Amino acid sequence: MNSKMKETAAVVLLFSMLVGMEHSHPGMDHVSAASGPKLSKKKVEIKKGRLTKITLKNKVGAKKIKWSISNKRVATIKKKGASVTVKGKKAGKTKLTCRFLYHGRKKKLTSKITIITVNQKKESSTGKVSSAPFTPHNTQAPSASQQPGNQGATEQPVQTPVQTGTPEPIPVLDDVDAGTKYEIQGSLKGAYQRFFGNVGTSVNIFQIEPSGSIFDDAGDMFAFTKSQYNSITPENETKPCRLLNMGSDFEDYFATDFKAQTMPVSEAKADPYYYVPDTYQEEVCPKINYSQFDIFMKKAAENGMRIRFHAFVWHQQTPEWLFKENFDAEGDWVTPEVMDARLEYYIKSVIRYITLKEKELGYGDVVYCYDVANEYFHNNDKQDKDESYIKSYWDEVYYPDNKFDKKTGDYEQVAEPVYVKRAFTYAREILDSYGKQDVSLFYNDYNTYMVSNSVLKLVEYINQDQMLCDGIGMQSHLDVNYPTVENYAATLKKFLACEKIREVQITELDVTAGSSDKLLARQMNYYYDLMKAILDARKAYPGKITGMTFWGLYDGFSWRREKYPLLFASTTEAKGAYYKVLQAAAEAVEEEKAGV
């Protein structure tokens, strides 16, 4: 969504490449030139659908380099001179061969490739399958060289599975009336997790913690939430405005103008929950406040639910001081190099904290994906109190000379924003250092059907060297008048067809209409047609749509409440649209049984 209760993000990372990307991967051995050509990896394990890059090192004197792979059913390769990108297709083993002439003599080097599925257990060096849980790291403060992200992980996380079991029967009502409120039978997760795995909604701190809720007579909103969904997205609690601001009163909830609370870098380095990169040259760093998100983590873990983290890099709801000298909103803009270090600090500290907390809770991957960057193609929609437009703080730092019109919001946008790619790089580095390759990274945006080509170009840029961005989050803030279901479905299929994308998720679904019976009927039919179209797209790309999230619990608690956009009227009453959404799922089940 674009404003109000929308996502936040402060993101962007760097890894200034003094050496090429292939030289900076954790755990990669350096080979001296004197030892002659060698492969960067002699043995590698790749998850199905993932990519890894293998390079011929010390190639001076090597000519006519050719690559081949023995079993193309297991993995495929994309060759580019002295390097090759290997993509896992299915579980199995194969061998990569590099042939070349070295000072006039024929040479051959090989690398053993093993492709494993997402849930396949990893064999130990003894050949036995390890079933030990992912135990917490020692809480003693690590040295700078021992901090996560600076070394390869030796432990594998326990994946939190989506609870499936025997699929629930889907209740279908005949002659559903759009204007009638019904008793709630069945659940959205019961109907749709068989198709997409993760079926979720957005909630805020006052909705999941009744003891501290400011809402009266709203029923038990968390009991309702867990009855309908297996995934939750914090509405604001994982945006920079909440993690970096310290206000705890309700009137502080959306504020972004708190002064920074900082601590000496030495204190952060001594705290096992923080990550301070070697490039960080300032004397102090911001404190990060997890008091509200801790409640989300605990609630999700205790109730067998999972969390979509939303979001790191966003031009909204991010403190201005994060981009200014001395963390002072009145100061000058920092240099890109300083901002790089701050963002690496922020992203890696947050993911490090979450990873350690997951291990303490003992429930595996509570957070199953991160929206790394959000709404880049709408960087111009933030307005000041006088309704003039505000240039994105990210652009103030990274692209200060680009044109921007405060009156109209028109601006010169970069097609390949370096800070967005760095954000994904930092997030993937810290996840990989913990062995969390199954946690996905997303680019999330609204009105994607209007900027689909731009989104695809951005993802291709991010992934041009290695797979960093796993998927696209389609914010689906829709209306009965726009877009058409056909237009929406065409965009979804375009994203699903892209080989640079592993996943697509429907991330913030709601459909505005109105309160009249006529408009509610149009909304009900729109929801039904939309679900049918999404389920139909899934058939052509099975397993590639990995989540669906409705944005809000019921109409009265929607950020678009004036137009009654959701499926529920309260925690105890379903609208007719709810049963039409269930009907679409039930029909898809019957079609699969019939082989249609």
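Reader: Why is Asn326 called exposed?

Author: Exposed means over 50% relative accessible area (buried is under 20%, partly exposed in between, with a 1.4 Å probe and protein chains only). Asn326 has 69% relative accessibility, so Asn326 counts as exposed. Keep in mind that this is a predicted model: local features need pLDDT of at least 70, side-chain atom pairs count only at pLDDT 80 or more, and totals for chains, interfaces and linings use all residues. Residues are numbered from 1 along each chain as its sequence is written, and side-chain values use heavy atoms, leaving out hydrogens and water.

Reader: What makes the phi of Asn326 worth a look?

Author: Most residues other than glycine have a negative phi. Asn326 isn't a glycine, yet its phi is positive, about 60°.

Reader: How do you know that Lys64 is exposed?

Author: By the cut-off we just used: its relative accessible area is 65%, so Lys64 is exposed. Lys64 has a positive phi too, near 50°.

Reader: Why are α6 and α7 called oblique to each other?

Author: Angles under 35 degrees count as roughly parallel, over 145 as roughly antiparallel, 65 to 115 as roughly perpendicular, and the rest as oblique. The axes of α6 (residues 291-302) and α7 (residues 336-361) cross at roughly 40°, so the two helices are oblique.

Reader: Which residues of α6 make the contact with α7?

Author: Contact means heavy atoms within 4.5 Å. On the α6 side, Phe293, Asp294, Met297, Lys298 and Ala301 make it.

Terms used: Axes fitted to C-alpha atoms, helices over the stretch in contact; angles between N-to-C directions. Helix = DSSP H or I, 4+ residues; strand = E, 2+ residues; numbered from the N terminus.
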